[in-house]
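Okay, everyone, thanks for coming. Let me put the structure up, and then I'll walk you through a few parts of it.

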Amino acid sequence: MIRQVIVAEGKSDAAVITRAVDADVMVTEGYTLRPAVLADLRAAYERRGLIILTDPDGPGERIRARLAALFPEALHAFVPKAEAQTEDDVGVENASPEAIREALAKVRVRTAEPSERFSAADLFAAGLSGCGDAAERRARVGAALGIGYGNARQFVKRLNHFGVTEEEWRRALALLEEESHA
């Protein structure tokens, strides 16, 4: 059983998560975060810790940012958009149990003092910005690192805020190259 409480956006997300792993899941019911929901999340955060697992879309990222501000020591898990997408919907509820387990195996804590290890130049040198397939390549590297997708500027922030090491970076880029040549 996962010790921390997983925070998801809705009941459908929670149902899929509990089918994938043995964990307690709380739902935000959207961005508003009613006072009762906030009180329950605060209690879970203080007693057991939280893992934030929101949808890989704009609203999910806004909810994640709000929760991260309220609960700075919460862990973060990211299901890649490609693993959570149907023809007309993006959300954790569309992810396979394996994709959810993989995301939870790569949880990260957001550091209060981000490193300045990575820069836009690193992304450019790795082909993660400034070329036609950069967005897809960033998505694949973000999935490998467990930090999710972001545009080039956001991606640099995630690399630095989630404490990605040089070794993890090199392994993710090597995996990307292996996949590209397969």
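This is a predicted model: local features need pLDDT of at least 70, side-chain atom pairs count only at pLDDT 80 or more; totals for chains, interfaces and linings use all residues.

H6 has 12 residues, and from its first C-alpha to its last it reaches 16 Å, close to the 16 Å you'd expect at 1.5 Å a residue.

So which residues of H6 are buried? They are Ala134, Arg137, Arg138, Val141, Gly142 and Leu145. If you look down the axis of H6, those buried residues fall within an arc of 135°, so they line one face of the helix.

Just after H6 you come to Gly146, which takes a positive phi of about 75°.

Okay, on to the cores. The largest nonpolar core has 20 residues, and the ones touching the most other members are Ile6, Ile17, Val21, Leu53, Val79, Ile100 and Leu104. Strand S1 (5–8), helix H1 (11–20) and helix H4 (97–105) are the elements that give two or more residues to this core. H4 gives the most, with four residues.

Take Leu53 as an example. Leaving aside neighbours within four places in sequence, Leu53 is in contact with several residues, including Ile6, Ile17, Arg64, Phe78, Val79, Ile100 and Leu104.

The largest pocket holds about 900 Å³. It's lined by 38 residues, and Glu61, Gly148, Tyr149, Gly150 and Arg158 lie nearest its centre. Which helices each supply at least two residues of that lining? That would be H3 (58–70), H4, H6 and H7. The largest share, five residues, comes from H7.

Last stop, the start of the chain. Met1 sits in the segment before S1. Is Met1 buried or exposed? Its relative accessible area is 63%, and over 50% counts as exposed, so Met1 is exposed. Not counting residues up to four places away in sequence, Met1 still touches Asp22, Ala23, Asp24 and Arg48. Pro35 is 34 residues from Met1 in sequence, and the two are 28 Å apart in space, C-alpha to C-alpha.

Notes
Residues are numbered from 1 along each chain as its sequence is written. Side-chain values use heavy atoms; hydrogens and water are left out. The expected span of a helix is 1.5 Å times one less than its number of residues. Buried means under 20% relative accessible area, exposed over 50%, partly exposed in between (1.4 Å probe, protein chains only). The arc is that of the directions from the helix axis to the C-beta atoms. A nonpolar core is a set of buried Ala, Val, Leu, Ile, Met, Phe, Trp, Tyr and Cys residues joined through side-chain atoms within 4.5 Å. Contact means heavy atoms within 4.5 Å. On a 1 Å grid over the protein atoms alone, a cavity is a set of points where a 1.4 Å probe fits but cannot get out, and a pocket is an open set with protein on both sides within 12 Å along at least five of seven lines; lining residues have an atom within 4 Å of a point. Grid points are joined across faces, edges and corners, and a volume is the space filled by probe spheres set on the points.
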